[in-house]
Every structure is written in structure tokens, then in C-alpha cells.
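Trainee: I'd like to learn how to read side-chain features in a model like this one. Can we go through them one by one?

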Amino acid sequence: MDRKVAIVGFRVMSAPDLVTTRERLVFELTRGLFDDLGIDRLDVDTTIIDSNDFLDGRTISNVFLDGPAGAYMRDESKVEMDGVNALMYACMRILSGQYRTAMVVALGLTGSQVSPYLHIDYTLSAHYDRQVKLLNELSGAALQARAYLAKYGYGEELLDEVAAQALANAARDPFQARRLSGVDREKVAASAHYYEPLRELHCYPPTDGGCAMLLASAERARELTDKPVWILGMGQSIETFYIGERDLAVSRSTSQAAERAYSMAGIKNPRAEVDLAEISALFAHQEPLLAEAMGLLEEGKAEEAYRSGDTGISGKLPLNPSGGALGGHPICATGLMRVAEAVRQLRGEAGDNQVGKAEVAVAHGQDGICAQQNAVLVLGV
């Protein structure tokens, strides 16, 4: 990219139930971000609000959030996908040269106010899948897990290994909604089955949460912070919504999104050049599946990587040192929260979960059944 864009600040809130309204959540995130950076609403040139009309139960839901976001009578726009897509939109606005700063606010109250599974039902085929009522987000994920395990001959123990590592990381992260102490492989394996082979602790928890993040041009970024984190590359791709036409054991759209992001960032060998990855894996099997698709794990070697500790915080390539989406999944905000966690690592501010070397990070977001749409971001310092 000829122009440079940086992430200069963010605020995150997440819990099973925040006991708040969407408007109050947006106000507290925005107010906190402004206070952190010493700015006010007139310092934000454009605002991108990321919310879901279906989950909010009202059309053009961003209209009601303009005031709490400080965007009343200001330049404001809307994205209705995962927050990584909203961040890319904000980045492109700055790259256009028309704006020096752009704020992204993504949120979802899918822990306390609406079922997180409901909107996926309405993305299924209205003529067949929705009528038969066998397919939903959880049963679709179970089919994907079974296909992935079968492709490489992995045992179900891999799911327990992945979930135990993620939940242990999440327990140490104060910004995660699900923080369970003392969870190990045996406790994961003893949790209740949802849809075989997926158990409760293999799956994301219903979560309230949101994230506000400010992006800035290179010149403005250096005025706002001495720790800018630069956006080096970005890419996105989408597959058909009909999973009968997809090979669920792989993620072609994730591979395409990563290839575009790596090409922009000049990365030739992601396993050697990326220091950590924050992946929006909603279910345990998706972390190695998506990591393989992004070239971060060697295909067919996931069991070996997890058992050797290569994917742990002190490993060769830490995956989800924050615990990822198994620690919380407020729909719309999850990917942006992965970006925030990657920024925290690159700034050396991740506390007990800080990885040793953090200079280049990958952050990922997804939407749709079985990770139908994927977005990949490469960040660096």
C-alpha cells in the first residue's frame, strides 16, 4: 500500500450478560476510547458502525447508535458482517485520501437478548434445509468437524486438545467473557454433547460484547500514539451458503483471503514470518482447519503441532493466545476483538498471555454457516 494506516487505540467489553443496552454499550466504548486518546468526536472524520439488523430486531439499526457513538450529523456508515470487514472498509476510506481518522464500533448482545444461533437458520435454503429442520449452526459445525477429522484421520481427542488450550488462555485474559479455571482435556471431554462430535466446551458461548477502534493515517497516527500498529495486508473471500456444494474439510475462502493479505504484506512463508495468530474459530475444529487454510499449520500435522506445544503461547507459532472465540463470541464484534488482541500482543501489553516475539500478527474474522465468509488481516510494528 502506498499510504499507511495504523490502529491507534481500542476499547473492548465482553461478558455473558453485560446488563446494558446497545446504546449504552456503544457510548461507554466510544467515551472510553476518546478518553484514552485525548480526543473528542470532532477528531473522528468518519465512523463505521457494525451491527446486525436481524439480531437487533430493527431496521437500519445504526441510526439509533449514531448519537452514542458521537456520530450525530457526522460522516457515518454501516457494515453488517464480522468486524474485520468493517475495519477493512474504514482502512479503505483512509486510503482514499478523504479521511485522516476512522472509528469502527462493532457490537452484539447475543448473550442476553437474542439467540446467537437464530440468524444462521435464516441463511439456510428456504426451500429445503429450513423446511427439513435438520441443519442449523451447531449441526452444520458438527458435520464440518466430522469431515475435517476424517480427512486427516484425526481422533476426537484433537478437539479436546484445542479447546483445553484455548480455554486455559481465555481464563488468563481479563477481556474474555468465558473464563473457566482448571479446565483440562479431561474436563472438556466430559462436557455434554451438543451434536457429535462437538461438546459444550468445543463450542463458543453466547456472549454480549463490543469493540471500538480508531484507525488513522500515518501522519495522524504518530500524533495520537507512540505505539501505532500498522495494517500491512488484508483480504476477504466468500463461498456458497449451500454447504452441500462445499468441501467442509477445507476452507477455500480462508485460503483465498489469506493469499490476498499475504501478497499485500509481502509475506512469502507465513509459518516462518508470522509470530502469532488470532483466529475467529467458533468451534474447536475450526482453529486447526482455518490455520491450515492460512498456511500457519502444515496440512495433516495439526495433532502433532498441538501435542508438541507449537501452538501454545511459548510455542513456535502461538494460535489464539487470548483464547479466541471459545472465550466469547458477540456476533459482529468477534473478529474486531481478535484484531484488538493481536494489537495488544504487538504492543507488548498482553500480560500473562504475552508471546515472546510479537512483530507480525494475523487476525481473522468469519461469517455464515461453517465459516462461509472469511477476512484476514496482517498487522505489524
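Mentor: Accessible areas come from the Shrake-Rupley method with a 1.4 Å probe, and for residues only the protein chains shown count as cover. A salt bridge is a side-chain nitrogen of Lys or Arg within 4 Å of a carboxyl oxygen of Asp or Glu. One housekeeping point: this is a predicted model, where local features need pLDDT of at least 70 and side-chain atom pairs count only at pLDDT 80 or more, while totals for chains, interfaces and linings use all residues. Residues are numbered from 1 along each chain as its sequence is written, and side-chain values use heavy atoms, with hydrogens and water left out.

Trainee: Which residues make the nonpolar surface patch?

Mentor: Phe-54, Leu-118 and Tyr-122 make it, with an area of about 300 Å². On the accessibility scale, buried means under 20% relative accessible area, exposed over 50%, and partly exposed in between (1.4 Å probe, protein chains only). Phe-54 comes out at 41%, so it is partly exposed, and Tyr-122 is partly exposed too, at 49%.

Trainee: How many aromatic pairs does a search of the whole structure find?

Mentor: Six. Rings of Phe, Tyr and Trp (its six-membered ring) pair if their centres lie within 6.5 Å; planes under 30 degrees apart are stacked, over 60 edge-to-face, and the rest tilted. Phe-54 and Tyr-122 form a tilted pair, because their planes sit at 45°, with the ring centres 5.3 Å apart. Helices (H or I, at least four residues) and strands (E, at least two) are DSSP runs, numbered from the N terminus. Phe-54 is in helix α2 (residues 53-56) and Tyr-122 in the loop between α4 (118-121) and α5 (129-132), so this pair ties together parts 68 residues apart in sequence. Elsewhere, ring pairs link Tyr-117, Tyr-204 and Phe-283 into a cluster.

Trainee: Where does the charged end of Lys-4 sit?

Mentor: Over the ring of Trp-230, 4.2 Å from its centre. The test is that NZ of Lys or CZ of Arg is within 6 Å of the ring centre and within 35 degrees of the ring normal. Arg-344 also passes, lying over the face of Phe-175 at 3.7 Å from the ring centre.

Trainee: What is the count of salt bridges?

Mentor: The rule gives 19. In one of them, Asp-36 meets Arg-11, with the closest N and O atoms 2.8 Å apart. Asp-36 lies in helix α1 (residues 22-37) and Arg-11 in strand β1 (residues 5-15), so the pair ties together parts 25 residues apart in sequence. Then look at Glu-28 and Arg-24, whose closest N and O atoms are 3.0 Å apart. Both lie in helix α1, four residues apart, about one turn of the helix.

Key
Patches are made of residues with over 30% relative accessible area and no salt bridge: like charges are joined within 9 Å, nonpolar side chains (Val, Leu, Ile, Met, Phe, Trp, Tyr) within 5 Å.
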